[in-house]
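Subject: Structure for you to look at

Hello,

Here is the structure I promised to pass on. Please open it first, then read the notes below it.

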Amino acid sequence: TEPLRGPLHLLQGRGGNVVASIGIDGILLVDDDYAEYAPAYARALAELAQSDTAPGFVLNTHWHDDHSGGNEYWALEGAVILAHTNVRARMSTRQEMAALNRVVEPSPAMALPVVTYGDSLTLHFNGSDVEVQHYPSGHTDGDSVVFYSEENAVHMGDLFFKDRFPFIDLGSGGSVSGYIANVSAVLARIDDDTLVVPGHGGLADKSDLQRYHDMLVTTDGTVRAAAAKGLDEQAIIARGLGDRWTSWGGGFISEEAWIRTLAASP
């Protein structure tokens, strides 16, 4: 756990970054990691809140189980689960993640969001207006970014993997062009003092997000240019993206996997 600003705390386990707002109105969680980590989060929240009060609300930035796996645990503790309408739709049905050779079975009924929205919603919680904005066709088709007005902070979910190549779930409605557009839109909304929480990786600021955007645009351009010259996917992989981005392939997505995503995305 790490204190952020005002009532906000960062909690990190094995999956996506979790932000908890803890204060007079209770606890609001944004994302909740894998299911098996829920008891550890409960212990951490009890220590931070100095009580055993469970979160009143849990918001999922998208459907993947490293961000929504704790839903059933918290719903059974009384939390209201919120997410974009496409998150509930995908969690309700069998999902094939071909790029990862994974099949995800439908989530239990208790894990499903019970409050859904189309474009946006706002929660007035612990002294801050918490604006939740849907950004389409990026990491998935159900991505949300969470803006905390009073704290000048933003949780980007998996629209931001700090200093790493991202996973874009093309089978869940994601796209490279949409992903780049969404990061651009967030950059236009924040300033140099904004605290930026990525879906994966350490805390960041606008300059980190700008560097990430530059990587997205540059590597996408590199692959498109190579394809326009007639190079196939394997030839582009053999050529690589250049020394500038070597360290970016050290995370979940390798350079080869990122090139395959760039080549496959319309």
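How many residues does α6 have, and how far does α6 reach from its first C-alpha to its last? The helix has 23 residues and reaches 33 Å, close to the 33 Å expected at 1.5 Å a residue. The expected span is 1.5 Å times one less than the number of residues. Helices (H or I, at least four residues) and strands (E, at least two) are DSSP runs, numbered from the N terminus.

Before going on, note that this is a predicted model, in which local features need pLDDT of at least 70 and side-chain atom pairs count only at pLDDT 80 or more, while totals for chains, interfaces and linings use all residues. Residues are numbered from 1 along each chain as its sequence is written, and side-chain values use heavy atoms, with hydrogens and water left out.

**Helix α6**

The buried residues of α6 include D208, L209, Y212, H213, M215, L216 and T219. Buried means under 20% relative accessible area, exposed over 50%, and partly exposed in between (1.4 Å probe, protein chains only). An α-helix has 3.6 residues a turn, so residues three or four places apart point the same way. Among the elements that cover the buried residues of α6 are α5, α7 and α8. Just after α6, G230 takes a positive phi of about 100°.

**The cores**

Which residues touch the most other members of the largest nonpolar core? They are M156, L209, Y212 and W258, in a core of 43 residues. Elements that each supply at least two residues of this core include α5 (176-189), α6 (206-228) and α8 (255-264). Apart from it lies another core of 19 residues, among them L28, L82, Y117 and L123. A nonpolar core is a set of buried Ala, Val, Leu, Ile, Met, Phe, Trp, Tyr and Cys residues joined through side-chain atoms within 4.5 Å. In soluble globular proteins, nonpolar side chains tend to be buried together.

Not counting residues up to four places away in sequence, W258 touches F165, P166, I168, M215, L216, T219, L241 and I253. Contact here means heavy atoms within 4.5 Å.

**Aromatic rings and charges**

The structure holds 8 aromatic pairs. Rings of Phe, Tyr and Trp (its six-membered ring) pair if their centres lie within 6.5 Å; planes under 30 degrees apart count as stacked, over 60 as edge-to-face and the rest as tilted. F167 and F252 form an edge-to-face pair, at 5.9 Å centre to centre with 80° between the planes. These two are 85 residues apart. F167 is buried, at 6% relative accessible area, whereas F252 counts as exposed, at 53%.

Y212 and W248 form a stacked pair, 6.3 Å centre to centre, with 20° between the planes. Y212 lies in helix α6 and W248 in the loop between α7 and α8, so the pair ties together parts 36 residues apart in sequence. Y212 is buried at 0%, and W248 is buried at 5%.

A charge sits over a ring if NZ of Lys or CZ of Arg is within 6 Å of the ring centre and within 35 degrees of the ring normal. The charged end of R14 sits over the ring of Y34, 4.1 Å from its centre. R189 lies over the face of F147, at 3.8 Å from the ring centre.

Regards
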